[in-house]
Structure formats: structure tokens, C-alpha cells
Amino acid sequence: MIKKFILRFAFFLHTSKRYKRFKAIVENFLLNPDYKYKKYFDIFMISLIVLSVAILIYEVEHTMPPWVDFVDIYIVTFVFTIEYVARVWVHNSWSKEVVKAHGEAKFLKKKFSLWEASRGVFKSKFFYLLTPAALIDLLAILPAYRPLRVLRIFVLFRVFKLLRYTKSINQFVEVLATKKFELFTLLFLILFIVFTSGIAIYVFEEKSNPDINSLFDGLYWALITISTVGYGDISPITMEGRIVSMLVIISGIAMISFVTSVIVSSFSEKLDELKENRLVEEINKTGKFMIFCGYGQMTRVFLRNYSKELGSNYIIIDKKRDKVEEAFKEGYQAIHEDASRHDVISKFNIEYSDITLFALTGSDVSNVYIILNAKSLSKNIKVITRASDESIANKCKLAGADHVVRPNIIANKMLLTAITQPVMYQAIYAILTGRHLAQLDEVMLVEHQKLVSLKLEEVNFKHYKLLFIGIQRGLKGDFVFNPDKRRVLNEKDILLLMGREASINHFKNSFQGVDYGT
Amino acid sequence: MAHKKRAFMFGYSKSSSFVAKQLSYENLHLTLVLSSDEAYEKALADGYIDIKQIDITDDEALKELEVKEEDFLVCVLEDKHYNVFLTLSLHSLFPKTVIIALSDSLYTTQKLKMAGANRIIDLYQVSANRLHNIIHKPVTTKLVDRLLSPYEEFSFKEIDIPEGSPIDGTMVNDFNFEEYKVIMVGMIDRRLTNKFLFVTSGVENRFDSGDTIVCIGYNEDLKRFEDFVCNL
């Protein structure tokens with residue numbers, strides 16, 4: 001009976017949209033670095049940590065008003081407890097595992113064991129509780145227990161919680177973790193020297209030096225000396241002791257230089273990666289951006305013309321280090337990666353962002369691979385590429401490219417126009433570059449509702465010094481050149497207009513008002 | 001009878017052969033000027049008759065081409081150094097003839113400009129513009145593609161207004177283009193300037209003989225309008 005009830009409860013949780021939505025929100029706040037509101041949650045938690053540490057320090061010499069204690073005990077601790085429980089909750093999904101196991105049991109016609117299904121989930125949650133991060137979270141709650149004053153010192157564990165909320169500290173730890181082997185080797189070496197020299201000084205000076213009374217004094221002296229701190233509260237007085245001291249000082253200097261070089265080298269190795277990760281995070285936050293794969297001539301010319309318009313909503317990916325450095329020098333955002341790799345494009349917030357990817361490397365083969373890579377991750381990524389000839393263009397389209405640009409064809413068409421129709425060439429050149437006094441612009445009627453239901457003849461384009469060229473029904477509809485003026489404008493119609501930028505803007509603004517230009 | 005305009009195309013590669021092929025369909029005389037045996041053989045095999053094989057670095061050989069002011073000089077050599085050098089030579093020999101050159105980088109474009117090319121088609125510049133238009137102006141991109149395609153039912157048309165044309169002396173604003181179902185994009189109003197002026201520029205233009213107007217429309221409407229303008 002209870003088993004049935006629990007199973008039903010698991011199914012209820014698994015199918016409840018509200019529950020899932022709520023859990024997803026909590027998960028985003030706690031774990032998703034790309035979630036746009038997470039930073040506010042992080043700031044809130046950091047403020048609580050700083051507040052509680054400030055209270056601890058202030059309390060040393062002052063008597064706290066009762067309300068401060070109330071805030072510290074009930075509010076701060078309450079938030080930390082909720083956070084602790086929430087982290088355990090979102091760590092994995094009990095209902096999902098139970099439903100899955102139940103489905104499998106039914107399919108295989110075997111007996112369903114609720115305990116078996118739940119055991120793995122609880123085991124995983126238990127192991128999570130033993131992780132350093134979870135232990136710090138738990139210890140950060142303890143200071144609220146007032147009868148034991150000693151627990152107040154656990155407030156310091158709240159400082160460790162900062163590791164969760166500040167990226168720089170996290171990254172520092174991550175960088176050090178990459179040199180784990182070197183740092184552990186050094187630590188053992190230091191411990192070895194401290195122990196041997198500590199024992200030696202104890203043996204040589206225990207009887208003659210009044211400051212050394214135990215082995216602990218010897219070890220303490222060795223550590224203070226090897227670290228080059230040298231308080232001077234214990235100093236050797238015998239010849240043997242001084243020789244040991246000299247050896248410890250020399251090895252201490254060597255150790256410190258070694259540790260410094262290990263840390264510096266690990267940082268210099270990781271610095272670019274850290275910077276690049278930060279750049280990707282920033283780009284992901286924009287929600288709509290462009291990825292340029294390859295920093296060749298075309299990318300360079302494109303950015304030279306349009307980087308101001310793009311703002312910071314773009315990123316260049318190139319696998320050649322010198323190209324990335326070149327892009328940096330020219331003031332563009334670039335990372336040194338291979339865009340044909342699955343994990344590189346996965347770094348971007350593919351699910352929630354509007355991404356346009358340009359496969360513009362010099363190699364057709366690489367471009368095709370990049371297209372396939374992007375499209376295999378998400379069909380929603382818009383991919384535009386270049387191709388050197390028709391057969392490559394066909395391959396790119398088969399791979400899923402939304403648009404294929406063939407530089408030679410475009411240039412040849414322009415060249416031909418420049419020879420055969422030189423005046424028209426000037427017109428097309430101006431239209432294509434959007435320069436001079438004419439621009440071709442598109443006005444979609446969704447945004448300008450006031451135009452909807454009007455007949456074309458009711459809109460006085462001349463009044464706005466605009467030339468009406470044609471109309472297209474939606475983004476995928478057919479373009480109708482110079483349509484009948486009795487045609488009624490509908491929602492999602494796209495008007496193609498030519499005119500100065502100011503005229504086009506005036507037209508757009510007017511139709512947010514009531515002026516039809518009649 | 002007026003002489004046919006001539007175009008001299010320097011260079012014949014896989015890419016520029018498209019231009020040569022299209023030019024051969026136009027109402028102008030195409031001469032291919034080549035220096036390498038390989039290009040010469042290929043052009044010959046592709047059916048071109050007027051091919052001259054000369055050393056393009058030799059000014060005397062270039063002079064023998066007898067280029068006239070109204071001709072076009074098209075520099076599409078694959079080697080950009082030679083292309084710039086040739087442009088400079090042609091400009092010094094025939095300063096009033098229009099030189100059109102193909103460039104593959106911003107730096108080459110600058111050099112070609114300094115060497116005297118009148119129109120430079122920068123491969124990457126036009127491609128970058130196209131990339132931008134694909135994203136921001138998809139309808140425009142489609143339209144321009146169709147306008148540039150020789151197989152489309154509507155296109156751009158340049159019409160020179162002859163003397164005695166029915167529109168000679170008419171103000172642009174007074175003329176009803178609706179009647180001919182064409183759209184006038186702009187014109188060269190030689191009374192004011194030799195530059196192209198868009199109809200939306202706000203300048204009051206007048207049609208005079210010798211002016212050139214550019215219109216868009218369905219091919220048959222454009223033909224009907226041209227016949228009207230040229231009083232045919």
C-alpha cells in the first residue's frame with residue numbers, strides 16, 4: 001500500500017510540469033552559470049557571507065544588539081540551510097529514476113523494487129554530502145547553534161562558501177589543481193626536510209638550548225626557518241645546530257622559488273584559457289550573437305565594415321594562434337580553438353541563444369566539417385559559409401548550410417555589371433554597401449501594426465522621399481515586385497523600400513504614430 | 001553607324017572565364033589579352049577568336065592594342081603584383097579609358113586605386129557586404145540576386161535619353177512611371193553632375209537628352225518604356 005503510494009507520488013512528480021519548472025529554476029540559480037539571474041543570487045549569497053563574518057569580527061570586542069543575533073541566527077542560517085537542502089535536492093532526480101526503473105521492470109516483466117530504484121539515487125546524494133563543497137555548506141550552518149560558542153569559529157567556513165560564488169577564487173583553485181602532482185611532490189619534500197631537520201635540531205640542542213624542550217619545538221623551528229620567516233624566538237646555539245640551520249635555509253630558498261615557479265607557470269599556461277572562457281561566458285549572456293570560424297580576409301573585411309554595428313555580440317574562433325593574436329591586435333574578440341570540434345561549439349549557449357555561425361576558413365573541407373558540427377548540435381544555429389566552386393557549394397548545402405556565398409561569382413557579376421552597365425553598377429554598388437544617399441531597407445509589418453489593413457495606394461511613400469520597390473509575404477514567401485497599388489497590407493508583410501536612412505527611419509517612426517503621410 | 005564598344009580583358013583564369021563568356025554575349029567586342037601560353041591555349045579551346053598574346057609588361061606591345069577612350073580595360077590577372085603593374089601601365093598609356101580591376105584584398109584595392117583603376121571589385125568586400133545583407137536584409141539580397149541574374153524576368157535597365165525623346169525637358173516628378181509599370185531608381189542628370197543620383201536623394205531632376213536613367217521592371221515593361229523614351 002505504502003509502496004503504491006510512493007510510486008504514485010514519484011509518477012506525480014515526474015509528470016508535474018509545475019514541479020519540473022520549479023526544480024529547473026532552482027537548478028539554474030544554483031548551478032547554471034549561463035542563467036541570467038544567477039549573478040544576482042550569487043551577489044546575495046556573497047553579501048550574506050560577508051555580513052556574517054563581519055558580525056563575528058565585531059562581536060569579539062563589542063556586545064551585539066539582539067536583532068543582529070536574530071539576523072545572524074535565523075535569517076542567514078535559514079538561507080544557508082535552504083541552499084544546502086536545495087543543492088542536495090537538485091543533485092539528482094529520485095522520481096525520474098523510480099519511473100525509469102518501473103518502466104524497465106514492466107517492459108522486462110520482472111518484479112519492481114522501489115528500494116532498488118531509490119538506492120542509487122540516495123547513494124549518489126550521500127556521496128554528494130561527503131564532497132568538500134557540501135561539507136563546507138554544512139559547517140557553515142553550524143555556527144547558529146549558540147549553546148556551543150566554539151561553533152562560532154565555523155563562521156569561517158562561510159568564507160569558504162565564497163568558492164562557490166566567486167569565479168576568480170574557483171579558477172585559482174582549478175589552476176592549482178592542474179599542478180597537483182608537482183605541488184604534492186614539493187609538499188612531501190618540505191615535510192621530509194622539516195621532519196629530518198626538526199629531529200636533528202632536537203637531538204643536537206635539547207640539552208644545551210633552553211628554547212628547545214621538545215620535538216615539537218624542533219619541528220616548529222624547522223618550519224619557521226624553511227619558510228624563510230625566521231621569527232628568531234628559537235635559534236641554534238651549537239655548531240651542529242647552526243650547520244643544520246644553514247642547510248634548511250638553503251633548501252628553503254630553493255623550495256620557495258620552486259613553488260613560485262610552479263604556480264606562475266601553471267597560471268601562464270592557463271591564463272589564455274581562462275580569458276577565453278570568460279569571453280565565451282560574456283557572449284553567451286547576450287542571447288544573440290555571431291560566431292566567425294576562421295579569421296581570414298572575409299571575416300576581417302566583414303568586421304572592419306560592421307563591427308561597430310555588432311557591438312560585442314560576436315566571437316572569432318581560429319585554430320591558428322597567430323591569427324587569433326592578429327585579431328586581438330585589431331581589437332576583435334577571438335579565441336584560439338578549433339571550431340570543428342564538438343566541445344568547442346558546445347561551450348556556447350546553443351539551446352537558448354540565437355546564433356549565426358559563419359564558416360569562413362580558407363579550406364572548403366574544414367568549412368563543411370564546421371557546418372556539420374554546428375548543425376549536429378542544433379538545427380537552430382544559422383550557418384552561412386563560403387565556397388570556392390559549385391560542387392563545394394552543393395556539398396555545403398547538403399551539410400545543412402543555410403546560405404552559401406561564392407566570392408568569385410559575386411565579384412564576377414559585379415565586374416560584368418561594371419563593364420556592361422556602368423551607371424547601374426554605381427546604383428547596385430551603393431545599394432549593396434548601404435552607402436551614399438540610398439539604402440534598401442526592409443520594413444516588417446509586425447512591428448508597425450498601423451500599416452496593417454491599409455491599401456498600398458493609401459500610403460504616400462513619396463511624402464517620405466521613399467521608393468517602394470516591392471513586397472514579400474513573410475520571410476519565406478514570394479517577392480512581388482511593384483505590386484498593384486490596391487493590394488492590402490497584411491501582418492508579416494515585408495516592404496522593400498529605397499531611400500535615405502533618415503527617410504526610412506522617419507517612415508518607421510511615423511507608423512508607430514498616426515501619420516500616414518497622406 | 002556608331003562603333004561597337006570594345007572591352008580588353010587581361011588574364012583568363014577559371015574564375016574570370018565566366019566574365020569573358022558573359023561579355024561575349026553582350027553588344028561589345030571582346031579582346032582577350034594574354035601573356036601565358038597556357039591561358040592562350042585554354043581561351044582558344046573555349047572558342048575565343050580575338051586573342052592577343054603579348055608581354056603585358058611591355059608598353060610598346062600594349063600601345064599596339066590601339067585602345068580608345070570609350071573602350072573598357074579589364075584587369076583580372078591572377079598575380080596581384082602583375083595586376084597592379086598592368087593597371088599602372090594602362091593608366092599611363094590610356095589615361096582617359098575606364099580601367100576595371102579585380103582585387104583580392106584591401107591592400108591590393110588601395111594599390112589598384114593609386115595605380116589608376118576607375119572601378120575596383122574587391123572580392124572580399126563584396127562578399128562581406130553580401131554576408132551582412134543575408135543576415136540583415138534577406139529580401140534585398142534576393143532581389144539584387146534576381147536583378148543581376150541574366151535569366152530573370154525582371155532586371156535593371158540603363159536607358160540613354162536621345163534627342164527628340166518625348167520625355168526630353170520633363171521634370172522627373174511630373175512623369176508617371178506607373179503607366180509603364182517600371183520604377184526609376186535614379187539617373188545621371190548631366191545638367192547637374194556626371195554622378196549617379198538616386199531618385200530619393202531629394203534633388204529636383206529633369207530629363208534631358210544625353211542623360212542616363214536607371215529603371216527596374218519586368219523585362220517586357222522595360223523594353224516598352226525604352227521604346228517610348230527612345231521614340232522607336
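How many residues does the contact take from chain A, and how many from chain B?

Modeller: Two quick notes before we dig in. This is a predicted model, so local features need pLDDT of at least 70 and side-chain atom pairs count only at pLDDT 80 or more, while totals for chains, interfaces and linings use all residues. Residues are numbered from 1 along each chain as its sequence is written, with chains lettered from A and ligands numbered from 1 in the order in which they are written.

Now your question: chain A puts in 55 residues and chain B 53 (two residues are in contact if their C-beta atoms, placed from the backbone, lie within 7 Å). On the chain A side, H19(A) supplies the largest share, 13 residues. By class, that side of chain A has 34 nonpolar, 15 polar and 6 charged residues (Ala, Val, Leu, Ile, Met, Phe, Trp, Tyr, Cys and Pro count as nonpolar, Asp, Glu, Lys and Arg as charged, and the others, Gly among them, as polar).

Let's zoom in on H19(A), residues 407–420 (helices are DSSP runs of H or I, at least four residues, and strands are runs of E, at least two, numbered from the N terminus). H19(A) packs against H6(B), residues 123–136, at about 105°, with the axes 9 Å apart (axes are lines fitted to C-alpha atoms, for helices over the stretch in contact, and angles run from 0 to 180 degrees between N-to-C directions). H19(A) and H6(B) are therefore roughly perpendicular (65 to 115 degrees; under 35 is roughly parallel, over 145 roughly antiparallel and the rest oblique). From H19(A) come Pro407(A), Ile410(A), Ala411(A) and Met414(A), and from H6(B) come Leu123(B), Tyr124(B), Val126(B), Ser127(B) and Arg130(B). That set splits into 7 nonpolar, 1 polar and 1 charged.

Stay with H6(B) for a moment. H6(B) also packs against H7(B), residues 138–148, here at about 125° with axes 5 Å apart, so H6(B) and H7(B) are oblique. Arg130(B) turns up again, as Arg130(B), Asn133(B) and Ile134(B) of H6(B) meet Pro138(B), Thr140(B) and Thr141(B) of H7(B). The tally for this contact is 2 nonpolar, 3 polar and 1 charged.

What about the inside? The largest nonpolar core has 144 residues (a set of buried Ala, Val, Leu, Ile, Met, Phe, Trp, Tyr and Cys residues joined through C-beta atoms within 7 Å; buried is 20 or more other C-beta atoms, placed from the backbone, within 10 Å of a residue's own, exposed is 12 or fewer, and partly exposed is in between). H20(A), residues 422–433, gives the most to this core, 8 residues. Val74(B) and Cys215(B) have the most contacts inside the core. Leaving out residues up to four places away in sequence, Cys215(B) touches Lys157(B), Ile159(B), Val182(B), Ile183(B), Met184(B), Val185(B), Leu222(B) and Phe225(B).

Lys181(B) lies in the loop between E7(B) (154–160) and E8(B) (183–188). With 16 C-beta neighbours inside 10 Å, Lys181(B) counts as partly exposed.
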